[in-house]
Amino acid sequence: MEQFRPRLLEAAAQMSVAQMSVALSERQQDQLLEYLALFARWNSAYNLSAIRDPEQMLERHIIDSLSVVNLCGEGSLIDVGSGGGLPGIPLAIVHPERAITLLDSNGKKTRFLFQVASSLPLPNITVINKRVEAFVPEQPFAGVVSRAFASIEDMVNGSEHMLAPGGRFYAMKGKLPEDELSALPKGIKVEQVHRLSVPGCDGERHMIQLCRTA
């Protein structure tokens with residue numbers, strides 16, 4: 001995957017908005033490219049993504065995830081419905097000091113996540129193979145992030161029990177989902193909406209930050 005290093009560095013440099021800027025060390029570049037290689041290798045057997053081309057995986061998965069690594073607050077974070085580890089693994093690579101939990105109900109996908117965490121290695125990652133509503137953490141999280149949840153309402157309803165007081169939800173979306181925002185559960189409000197500038201992405205991308213009203 002070495003051939004993709006120039007594109008990875010170019011995309012990171014293009015994320016020039018202050019809160020999105022990403023400076024990658026050589027070690028982090030190596031880890032992201034190794035993650036891409038593992039993703040491509042395991043994808044056919046584990047159905048991690050409908051995208052089969054590694055170049056498109058880089059663009060639509062890894063670079064897309066890098067666009068939010070500095071928008072997910074601070075403290076412990078759980079990536080619900082993590083699937084192939086997006087955005088949790090890129091976030092864990094960029095912020096090795098941050099404890100990040102990857103939660104998915106699919107056993108094949110969590111086996112892949114275990115493999116990534118041990119191979120790179122990423123000691124700040126914990127992998128949990130459970131349904132969102134069935135996982136009760138010992139300590140609640142400062143943040144809950146999701147990239148591929150069915151709806152924001154489902155994300156909040158399913159994972160609110162994991163969120164610490166004063167914590168935040170971070171929902172990655174394409175076009176701003178006005179209908180989903182109008183259906184937010186009582187006691188949840190939109191705190192910030194970030195329109196993302198993702199290099200190589202022609203469509204709209206947003207990060208929606210939500211919090212409790214009390």
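This is a predicted model: local features need pLDDT of at least 70, side-chain atom pairs count only at pLDDT 80 or more; totals for chains, interfaces and linings use all residues.

Residues are numbered from 1 along each chain as its sequence is written, and side-chain values use heavy atoms, with hydrogens and water left out.

A word on terms before the sheet. Helices (H or I, at least four residues) and strands (E, at least two) are DSSP runs, numbered from the N terminus. Two strands pair if DSSP finds at least two bridges between them.

The sheet is open and has seven strands, in the order S3-S2-S1-S4-S5-S7-S6, with mixed pairing. At the edges are S3 and S6, each of which pairs on one side only. On average, neighbouring strands are turned by 20° against each other, direction ignored. Axes here are lines fitted to C-alpha atoms, for helices over the stretch in contact, and angles run from 0 to 180 degrees between N-to-C directions.

Take one pair as an example. Strand S2, residues 100–104, runs parallel to S3, with five bridges between them. Within that pair, Leu103 stands opposite Ile128 in S3.

Which residues of helix H6 are buried? Buried means under 20% relative accessible area, exposed over 50%, and partly exposed in between, using a 1.4 Å probe and protein chains only. In H6, residues 152–159, they are Ile152, Met155, Val156, Gly158 and Ser159. These buried residues pack against several elements, including helix H7 (178–182).

Last, the backbone. Most residues other than glycine have a negative phi, and most peptide bonds are trans. Leu86 and Pro87 are joined by a cis peptide bond, with omega about 5°. Pro87 lies in the loop between strand S1 (77–80) and helix H4 (88–94). Another cis bond joins Leu120 and Pro121, with omega about -20°; Pro121 is in the loop between helix H5 (107–119) and strand S3 (125–129).

Asn47 is not a glycine, yet has a positive phi of about 50°. Asn47 sits in the loop between helix H2 (26–46) and helix H3 (54–66), and at 49% relative accessibility counts as partly exposed.

Notes: Contact means heavy atoms within 4.5 Å.
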